[in-house]
Amino acid sequence: MNVALFITCLTDQFYPQVGVAVTKILERYGCKVSFPQEQTCCGQPFFNNGYHDEARDLARRFIRIFEPYDYIVSPSGSCCAMVREQFEYLLKDDHAYEHGLHHVTRNTYEFVEFLHKVLQVDFSELKLPEPASVSYHYTCHLRGIGVKDEAVRLLQQIKGVEFKPLEKTDQCCGFGGTFAVKYPAISGAIVEDKAKCIADTGASTLICNDAGCTMNIAGMLHRRGQTTRVRHLAEVIAEAMGLDVNSW
């Protein structure tokens, strides 16, 4: 499979090891993974703040860059949702991009979604080097694109994982992109409640498959002195596979 990695801005800048993990895992399953160097933002910050002309330009750029690939895979649910949910709205009257638009929106997948729906992986032979108690944060945008408990089911297949359910699974972490900037008090209260729920699980690791949510939750855990480690599922899978994500 000819796959392009859409790394997303936050993952590229703050969690590059996640991109390495995603790439190595996909290659392990026979995918040819490319990283288009010219890729930029998907336009979500512009779109969410009402700058639709600017977001439209970035949507066109995204299509030009990623149309040649069979699949586009992203480690971030929110950016995947932007492509799948908003590009059609932004470019509905732009017939020059019609073919590329439909191809890109149909074939852009969040990483776990791609593992489950396209590759149909089975992790029952994988085992963590050391047993770990793990919980999972259900991000809002993943639910928006129809991803439900696929990550939890894959996670529970890995030997050595002791899964700890999180209370209030349908509750936002409070990030919401610019929501956290515009309404910091509300955002802070929401993420603090999320941190308390995480503490109640007793888990040593929280899986979060969206860089924005990861930053927000990890920041509150740090401020509260909680030692729970926030990781992307790709990092845990790579560890179980014996892959080094800190070097290429």
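A salt bridge is a side-chain nitrogen of Lys or Arg within 4 Å of a carboxyl oxygen of Asp or Glu. Side chains of opposite charge can pair when their charged atoms come close. This is a predicted model, where local features need pLDDT of at least 70, side-chain atom pairs count only at pLDDT 80 or more, and totals for chains, interfaces and linings use all residues. Residues are numbered from 1 along each chain as its sequence is written, and side-chain values use heavy atoms, with hydrogens and water left out.

**View 1. Arginine 153 pairs with aspartate 149.** The closest N and O atoms of this salt bridge are 3.2 Å apart. Arginine 153 is partly exposed, at 40% relative accessible area, and aspartate 149 is partly exposed too, at 32%. (Buried means under 20% relative accessible area, exposed over 50%, and partly exposed in between, using a 1.4 Å probe and protein chains only.)

**View 2. Arginine 56 meets aspartate 53 in a salt bridge.** Here the N to O distance is 2.7 Å. Both residues sit in helix α4 (residues 52–66), three residues apart, which means about one helical turn separates them. Helices (H or I, at least four residues) and strands (E, at least two) are DSSP runs, numbered from the N terminus. Aspartate 53 is exposed, with a relative accessible area of 54%.

**View 3. Aspartate 94 and arginine 60 form a salt bridge.** Their N to O distance is 2.7 Å. Aspartate 94 lies in the loop between α5 (77–90) and α6 (98–107) and arginine 60 in helix α4, so the pair ties together parts 34 residues apart in sequence. Aspartate 94 is buried, at 17% relative accessible area, while arginine 60 is partly exposed, at 21%.

**View 4. Asp57, Arg60 and Asp94 are joined in a network of salt bridges.** In total, the structure holds 10 salt bridges.
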